[in-house]
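Student: I would like to learn how to read a model of this kind with care. Could we go through it feature by feature?

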Amino acid sequence: MKSIEIINFVGILKLEDEQKILLIDDELDILEILSYNLEKEGYDIYTATNGNEGIEKAKEIVPDLILLDVMMPEKDGIETCQELRKVKELQKTLIVFLSARSEEFSQLAGFQAGANDYIVKLIKPKILISKVNALLQLTSQVSDNAKLIEIGDLVIDKDNFRVSKSGQQFLLPKKEFDLLYLLASNTEKVFKREEILEKVWGNDVIVGERTIDVHIRRLREKLGINTIQTLKGIGYKLIV
């Protein structure tokens with residue numbers, strides 16, 4: 001039986017509006033414990049015990065966040081995540097693996113399948129609830145069509161193509177600006193190289209394979225941003 005240390009949650013989060021979380025795990029005790037504690041924090045909780053049921057439930061309720069196990073019968077978590085990412089209505093839904101599998105290749109497989117984050121079971125309760133809270137708060141603050149994005153002391157003004165950090169103004173070339181804006185538009189998402197090329201350069205433009213790397217390096221040099229994380233072989237993510 002899988003084990004998970006999800007007990008005695010402290011009330012550190014109260015939501016004004018209930019947000020929907022879908023839990024997909026074949027272990028009923030885990031579903032019961034997670035449901036109980038997350039509901040106490042103000043979340044609207046739904047559950048499923050396998051991948052196929054989880055996909056159908058997600059289509060029905062369109063949750064804000066899905067906590068997904070990797071090892072399940074019938075359809076494992078990786079396959080389930082890949083199927084969920086094909087559903088148009090679920091494109092903005094956050095998917096987070098909560099799994100006992102801690103190997104690097106399992107985590108990489110999770111990100112490649114389209115997950116926003118990967119959490120290893122036995123995580124401390126307060127940390128888990130804080131992660132869930134942070135993920136949902138950041139998503140609600142920044143929409144895909146946002147004209148002004150503020151992340152810490154970094155401000156990105158899409159209308160005027162202006163970027164400032166700690167009050168200092170920067171004038172970036174268009175492609176660098178577009179790349180920064182894309183990463184900042186969803187700080188909990190790992191943007192794959194193929195998606196970056198499509199959204200920033202377009203499908204009809206041929207660029208060298210190192211083009212993205214060069215632009216990332218220039219952004220780091222100009223803005224002093226050391227929070228652009230490189231996931232080797234996958235893509236980039238802006239960490240806040």
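Student: In which sense do strand S8 and S9 pair, and over how many bridges?

Tutor: Two strands pair if DSSP finds at least two bridges between them, and strands (E, at least two residues) and helices (H or I, at least four) are DSSP runs numbered from the N terminus. Here strand S8 (residues 162-165) and S9 pair in the antiparallel sense over three bridges, with Ser 164 standing opposite Gln 169 in S9. This is a predicted model, in which local features need pLDDT of at least 70 and side-chain atom pairs count only at pLDDT 80 or more, while totals for chains, interfaces and linings use all residues. Residues are numbered from 1 along each chain as its sequence is written, and side-chain values use heavy atoms, with hydrogens and water left out.

Student: What is the strand order of the open sheet of four strands, and which strands stand at its edges?

Tutor: The order is S6-S7-S8-S9, with antiparallel pairing; strand S6 (148-151) and strand S9 (168-170) each have a single partner strand, so one side of each is left without a neighbour in the sheet.

Student: What is the order in the open sheet of five strands?

Tutor: That sheet has the order S2-S1-S3-S4-S5, with parallel pairing. Strand S2 (44-48) and strand S5 (117-120) are the edge strands, each with a single partner.

Student: How much confidence does the predictor attach to the chain?

Tutor: The pLDDT is the predictor's confidence in each residue, from 0 to 100. The chain has a mean pLDDT of 82, and 85% of its residues reach 70 or more, but over residues 1-16 the pLDDT is below 50. Where pLDDT is low, the predicted coordinates should not be read in detail.

Student: Are Lys 121 and Asp 25 buried or exposed?

Tutor: Buried means under 20% relative accessible area, exposed over 50%, and partly exposed in between (1.4 Å probe, protein chains only); Lys 121 and Asp 25 are both buried.

Key: Contact = heavy atoms within 4.5 Å.
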